[in-house]
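Please keep the viewer open as you go.

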Amino acid sequence: MSEKLKISIKNLNVFYAEKQALFDINLNIMEREVTSLIGPSGCGKSTLLKCLNRMNDLIDICTMDGQVMIDGANINTPDQDPVLLRSKVGMVFQKPNPFPKSIYDNVAYGPRLHGMAQSKDELDSMVIKSLTRAGLYDEVKNRLFEAGTGLSGGQQQRLCIARALAVNPEIILMDEPCSALDPIATAKIEELIEELKRKYTIVIVTHSMQQAARVSDRTAYMHMGELIESGFTKNIFSNPQHQKTQDYITGRIG
Amino acid sequence: MTELLYIALFILASYSFMVNKGRAASLGKFNTLHSQPYYHGLYSSILTFLPAIILLIFWSSIQNIMTNLSIRDFFVDVSDPGLIKFYIDSVINYSNGVSSKIIEHDGFMPAVEKYSSLTYTSTILKVIVVTGLSIILLRASIKVVTVDFKARDYVESMFTTLMKFSSVIAIFVTIGIVLSLLFETLRFFATVNVFDFLFGLHWSPQTAIRADQVGSSGSFGAIPVFLGTILISIIAMLVAVPIGMYSAIYLSQYASETVRTYAKPIIEILAGIPTVVYGFFAVITVAPFFRDLGDKISPGTLSGESAIIAGSVMGIMIIPFITSLTDDAMNAVPSSLKEGSLAMGATVSETTKQVIIPASFHGIVASFLLAFSRAIGETMIVVMAAGFAANLTLNPFESVTTVTVQIVGLLTGDQEFDSAKTLSAFALAFVLFFLTLILNIIALNMVKKYREQYE
């Protein structure tokens, strides 16, 4: 675990039209660690996650104030390009969403988009590297040119992770990546997260406290749009400072 | 009289619905009845109405045939079948008060009397029998209302039968259309060689009507006509596909919700404009524009009638089909795919090109196909803007003709239905039908393959 600050959120408020979704969030996320965001449904975890790659920009009625700093630079200033930001901050969604293309084309999507490969061979090696990192290559190496949508749910989700890895992001956001998967596929994804944090900073939203406890180094507990408590996962789960956190992790809220 | 009978049957049916519904409701609470009171009412009104109305329609058609046959006897001395037909029609018209024309024939007035009395008797009998049947069934249906009577099951099966019947009608009408086309086409090919028709390069269907007339024997090479159709349709697609696609992409991917709610209905209004109005637009606005443009380059090059005028106006006509269907298809792509692509750092236009269009490809192809078949079948615009001359050309600035325009030209006015000229219209229609059928099959297969690959 390094102690280098990667993302710093300062006094962040987010509104959907008149309704305030996040209240004065302050949170630091460290490089090459897994930070999990937990809390009951509707507490704003996913909203906070989407602030980190500006996916909230796509929602017309969404407005915000405060700062989100990545590597010391505010990502919301007008001179920051959301397209560049999103190639640096990858995202994996709740439901696996492979494109209606072949497995190969799914992974090659980002590199082609950003012109990362100079030759066909280079692109091939990028695809293979990403699939290998996502722990999927051995399962699909004989059918790279078949449709990505033909894979099982867990494989599809790992394909989406491979797709995100292919553009060499520094940060990977995961929005409940296992909620549509069975326990075996979930276990594989969790192993993968362990593996990936050596190279990437990972922020994961999860409904499962066990999952947060298993995979994350730090945990932030949110409730009704407010950040209640954050810190090392083992401290949050063994010795929560706040009554609401205590209630949630012992199953009294949620 | 017959009109009153329809109303009477309707009143009887409504009455039986109310009575039986009320009786069933008075029998017990909802959970003791097998069927809801509503079903008892419906059962009885169907029973009161349906057999009686079928009998009424059947009786009316038989009555016409029988009376016609009986007055035919008054004109046995007339030998010309056409004349007999004319006399019979005159008798009927005179009796019904439609016309006061009296035919100079001994049998005419007796025939009128016979016809009037027959019709009168038959109508009286019809009213009695039909109303009687309806009332008997009404009384019978009232008797069967019990707690256990399975009115719901009977009503359900009646409606199922009705639905089956409707789909059978649709299928048989299609088969009937194809067969009627086929037989006329075969008659045409008895006089004109199939290969001359399909591969002939000269179209000039005017034939001599009488033997002493000076006139050609007609020339039925269909290539120029089909080439004209294809030329105009392709010009139309060249106009409609880019405009339709871009507006669909704008509406589905870029436009705000407010713009969408107003813009889409406005575009769809285009689809509701009668094609003859497009014809005016072509003749009054587009034709002078192209002619003036042509005159600037080299005077007299362009006439008011050319493929490009008809094709471009037709293209405007089919824009809404492409826009609307493509927009629907693109909106049906799950938003998770769009988000996934944007989260990879793709712009909206890259996302549209790489993800949205491939994922909605089958819908887009379907919209092109619909637009293309509209273009092929369109007649009015071409009549007004492209002309009748069957020129063998691919030059869009020349006057061409299309299959549908030729069919209109061949079949309007008084025509003999046994001349090669008239019959050639059926052959044209049949080949057109066949071509669009093949086009449809190819496109459907394409769509199916694409679906298998990506869904």
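## An exposed helix residue

I136(B) sits in helix α4 of chain B, which covers residues 108–143; helices here are DSSP runs of H or I with at least four residues, strands are E runs of at least two, and both are numbered from the N terminus. I136(B) counts as exposed because its relative accessibility is 57%, where exposed means over 50%, buried under 20% and partly exposed in between, with a 1.4 Å probe and protein chains only. L47(B) and I136(B) are separated by 89 residues in sequence, and their C-alpha atoms are 10.0 Å apart.

A word on the ground rules: this is a predicted model, in which local features need pLDDT of at least 70 and side-chain atom pairs count only at pLDDT 80 or more, while totals for chains, interfaces and linings use all residues. Residues are numbered from 1 along each chain as its sequence is written, chains are lettered from A and ligands numbered from 1 in the order in which they are written, and side-chain values use heavy atoms, without hydrogens and water.

## Domains of chain B

Chain B is assigned domain 1 (2–149), domain 2 (152–190) and domain 3 (203–454), with bounds from an automatic or database domain assignment. Between domain 1 and domain 3 of chain B, the C-alpha centres are 48 Å apart.

## Where the chains meet

Chain A brings 24 residues to the contact and chain B brings 19, counting heavy atoms within 4.5 Å. About 1,800 Å² is buried between the two chains, with 65% of that from carbon and sulfur atoms; this is the accessible area (1.4 Å probe) that two parts lose on being put together, summed over both.

How many salt bridges does the rule find across the interface of chain B and chain A? It finds zero, a salt bridge being a side-chain nitrogen of Lys or Arg within 4 Å of a carboxyl oxygen of Asp or Glu. On chain B's side, the elements giving two or more residues are α11 (335–343), α12 (348–359) and α16 (420–454). Of these, α11(B) gives the most, with seven residues.

## Positive phi in chain A

A17(A) is not a glycine, yet its phi is positive, at about 55 degrees. A17(A) belongs to the loop between β1 (5–16) and β2 (19–30) of chain A, and it counts as partly exposed because its relative accessibility is 42%.

N168(A), also a residue other than glycine, has a positive phi near 55 degrees. The loop between α6 (153–165) and β7 (171–175) of chain A holds N168(A), which is partly exposed at 41% relative accessibility.
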